[in-house]
Amino acid sequence: MDRLKLEFSASISRLGEELMTMKASKFTEAQKAFILKQGEEGTAVA
């Protein structure tokens with residue numbers, strides 16, 4: 001049981017590091033929504 005707890009806590013620690021190093025998106029939420037809507041309507045999205 002101790003081994004499982006140790007492995008789980010190590011995974012959580014690495015996940016936190018990845019979240020802190022993620023780049024900010026260059027698109028706003030509104031831009032993302034607009035692009036998704038275009039794709040759903042069949043418009044080609046580059």
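Trainee: How far does helix H2 reach from its first C-alpha to its last?

Mentor: Helix H2, residues 29-41, reaches 18 Å. That is close to the 18 Å expected for its 13 residues at 1.5 Å a residue. The expected span is 1.5 Å times one less than the number of residues. This is a predicted model, where local features need pLDDT of at least 70, side-chain atom pairs count only at pLDDT 80 or more, and totals for chains, interfaces and linings use all residues. Residues are numbered from 1 along each chain as its sequence is written, and side-chain values use heavy atoms, with hydrogens and water left out.

Trainee: What follows H2?

Mentor: Gly 42 does, and its phi is positive, near 95 degrees.

Trainee: How many helices and strands are in the chain?

Mentor: The chain has 2 helices and 0 strands. Both kinds are DSSP runs, numbered from the N terminus: helices are H or I with at least four residues, strands E with at least two.

Trainee: Which residue forms a salt bridge with Lys 32?

Mentor: Glu 29, with the closest N and O atoms 3.3 Å apart. A salt bridge is a side-chain nitrogen of Lys or Arg within 4 Å of a carboxyl oxygen of Asp or Glu. The structure holds 1.

Trainee: Where do Lys 32 and Glu 29 sit in helix H2?

Mentor: They are 3 residues apart, so about one helical turn separates them.

Trainee: Is Glu 29 buried or exposed?

Mentor: Glu 29 is exposed, at 61% relative accessibility. Lys 32 is partly exposed, at 32%. Buried means under 20% relative accessible area, exposed over 50%, partly exposed in between (1.4 Å probe, protein chains only).

Trainee: What share of the chain counts as buried?

Mentor: 0% of its 46 residues.
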